[in-house]
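Hi everyone, thanks for coming along. I'd like to walk you through a structure and then zoom in on one part of it.

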Amino acid sequence: MMTWQNAFGAVVFLITAPLFISPVVFAHDHTNLERGIPIEIEDAYPTAFENREFQGILRTRRTEEKNYEYELVPILEYGFIRNGELELAVPVRFLPGENNDSGNIELEALYNFNFEGLLLPAFSLKAGIEIPTGMNATGWAPAATLLVSKTLSRGSWFHALHLNAAWLRNSDAGIDERLNRYRITLGYELRLDPNNMVLMDLQREQQKERKNESNLFEIGLRHQWNPLTVLAIGTGVGFSDESPDFRATLGFQRSITIF
Amino acid sequence: MNLSLNAAAKSVAIVFATLLSWSIYTPHAARAEIKIKKESPKVERYDRVSFMRGPHVMKYFDRHEKTFRHGAAIHVAHGKAHDLAQRTPLDQREKADQKFDREMVDLLLNKAPKTEVEMRTYGPYVSQFAWDLYRTIDWTHVHHDQTYSILSEPSIPWNKKREWTDKAVRHYLEKFDLPRSPAPLDVTMRRAGTMMKPYFGYFRTHYPQSNSYFYVAHWWHPAIYEAQMIGGNDQEQEKAIQQAEANLPLALSMRPQRMLLSREIMPRYSALSPESANIFDNLHMLHGIAYDILTYPHWTPAQKKTELDRVIRAMSYQPGDEKLARKFRTPRHDMDPRRYEPWMISVEGEMNRIMVEMMNEMMPHIMPKATRKMKKDAMAQLWQKLTPGLQDGEPPGSFHDALLKISPRMVMMSGTMEPGESNPIMMQTMMKGWTEKYAMLPELPRMAMTREPSLKSLQMAGMVNTSESKEAQK
């Protein structure tokens with residue numbers, strides 16, 4: 001039986017799906033790394049002022065119980081102020097179990113403080129809230145992330161390091177759940193040629209369940225398919241008991257030009 | 001009473017006619033005092049802006065992918081040249097120049113990318129101390145793409161091309177804090193006042209091959225606009241672009257020896273949108289000045305940033321610039337962009353006319369007691385510096401150093417050679433010179449876009465077709 005949360009997810013998907021095939025879009029955001037496209041690391045730079053962009057992520061992961069979980073995340077991004085962006089995402093999850101939190105609305109705002117110098121990295125702050133609109137969702141979950149980026153290049157070979165340090169709060173934590181937790185991601189970006197970027201990252205995250213931590217190594221490729229489309233593909237492996245065995249991601253980014 | 005009424009009517013008519021002619025021939029003289037905001041922020045803002053939406057978006061890529069890719073390859077070269085100039089040790093320049101040119105020609109002809117690159121992905125080192133330079137260049141490249149796309153989009157009727165191009169110019173000028181000026185290069189070069197700076201001509205002298213690669217690029221860009229202008233909205237646009245593109249190998253083997261200006265290679269587009277045409281000239285000149293500054297070996301990155309910031313701001317939009325936009329002539333208003341001709345290769349042309357004019361305006365002030373021979377020698381030195389590569393008898397180093405050898409008592413305001421400093425007296429002297437020469441120049445008439453052009457009608461009007469052109473070139 002379809003719950004209202006699943007129906008909501010389906011509506012969001014149906015509304016945004018035409019954008020996947022719309023010809024009136026332009027991806028000029030190739031170098032601007034977004035979380036999950038295709039790996040977790042994000043750079044400290046926002047999308048351009050007044051840019052409207054549609055992003056999509058399709059992710060699968062194999063849990064330590066050897067179950068496969070699937071997630072579809074449509075995202076709208078808007079450069080609402082200079083050096084700042086807003087993101088609206090509605091992850092829809094297809095789990096073997098109860099699909100908890102599927103259909104939650106995630107709202108995030110990022111603000112960049114500077115472009116990097118020869119020594120000084122670029123800094124951004126991101127604040128977000130997960131609104132419990134999804135399946136069996138209970139508490140609101142605010143989060144704050146510091147994003148740092150530094151180009152390493154001393155020649156024309158473009159490569160850069162990125163650090164994301166997030167604080168995540170669970171306002172409705174159960175007795176065996178954490179109230180506050182962290183997620184640290186260290187990433188590396190390398191330009192292969194004008195159309196391709198390779199990304200790698202290492203992530204450590206405290207899970208909601210107390211005493212559980214996950215470690216993940218990911219690698220991904222961002223490819224500018226044509227000036228209309230950036231495609232991304234990534235994979236990751238966990239290397240501790242509570243980490244996912246394996247995960248794979250497909251992603252894309254497009255700027256919307258219809259409004 | 002009748003007589004006095006007649007007299008009154010005549011007076012009104014005279015006043016009206018005077019005002020009318022003033023408004024038509026308004027000299028739009030440059031402001032008596034030039035004040036360029038002196039600003040060189042230590043920490044730069046990211047500050048990027050998105051493109052203008054409309055039916056044209058990405059039509060240039062869809063319709064002329066090969067041509068789009070050539071532009072993308074040229075922009076890779078532009079990005080890469082920053083780090084080349086900044087990072088190459090003095091003794092390795094010759095080899096690096098040849099290698100860069102070889103690689104960039106190969107990329108352009110054989111491996112042109114499908115992605116418009118940002119400057120920082122190919123010149124990442126310089127991005128870390130001169131970000132304002134990069135975002136200025138990237139933003140103007142976006143304007144290039146938008147205006148090519150407007151001309152490419154067949155659903156925008158020919159008589160609406162100006163409206164859309166003007167809209168793109170407004171978007172370019174209003175949304176960004178450091179847009180290139182829509183005033184002619186004659187004005188912005190006088191404002192920038194780089195001729196007596198110690199880095200002047202360094203890239204041209206030390207990287208002659210790479211420098212002339214960009215001279216080819218600055219022929220190619222306007223030639224494509226002009227091919228669109230003579231091709232119209234229909235399939236003739238493809239034909240005209242292909243014919244212009246066919247000259248690329250020839251242009252690379254017989255390269256221009258000066259930076260070609262929009263008014264020379266795209267006179268029709270310049271008449272359609274002089275603002276947009278001037279913006280491109282101002283960007284192309286900024287490329288050249290930036291490479292000169294980065295090649296100069298005696299300043300630190302911080303000093304180079306200070307000077308780049310000064311030049312970027314001097315050549316950016318200043319209130320009133322739009323009134324000067326049409327104050328230039330198109331020397332060959334009926335040129336055929338499908339032909340690559342000897343006059344495009346010569347060192348003599350509009351760009352260097354501007355440089356010689358500026359020198360003539362400066363000379364009485366910096367060399368007040370110069371003899372005729374000294375003036376002649378100074379001008380000969382200038383021509384040598386304007387020619388790519390080190391010429392016979394040309395002293396290496398800056399034009400200022402060369403002038404000091406001719407006139408050891410040359411008068412310069414102290415400190416004006418330093419990074420970030422300018423010589424306001426000299427700038428005003430040159431602007432006065434420009435005002436005297438060109439303020440009364442009738443404004444360039446707007447291109448009538450009422451009828452879509454056809455290649456056939458151009459041939460009937462006496463323009464030579466491409467096969468004849470090839471014969472002529474042989």
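**The interface, the confidence and one residue**

Let's start where the chains meet: 36 residues of chain A are in contact with 34 residues of chain B, contact meaning that the C-beta atoms, placed from the backbone, lie within 7 Å. On the chain A side, the elements giving two or more residues are strand 9 (180-193) and strand 11 (213-226); strands are DSSP E runs of at least two residues, helices H or I runs of at least four, numbered from the N terminus. That side of chain A divides into 13 nonpolar, 17 polar and 6 charged residues. Here Ala, Val, Leu, Ile, Met, Phe, Trp, Tyr, Cys and Pro count as nonpolar, Asp, Glu, Lys and Arg as charged, and the others, Gly among them, as polar.

A word on provenance: this is a predicted model, where local features need pLDDT of at least 70 and side-chain atom pairs 80 or more, while totals for chains, interfaces and linings use all residues. Residues are numbered from 1 along each chain as written, with chains lettered from A and ligands numbered from 1 in written order.

Chain A has a mean pLDDT (the predictor's per-residue confidence, 0 to 100) of 87, and 88% of its residues reach 70 or more. Over residues 9-27 of chain A, though, pLDDT stays under 50.

Now, chain B. Asn352(B) sits in helix 19 (residues 350-366). Beyond four places in sequence, Asn352(B) contacts Arg258(B), Val347(B) and Leu386(B).

Key. Two residues are in contact if their C-beta atoms, placed from the backbone, lie within 7 Å.
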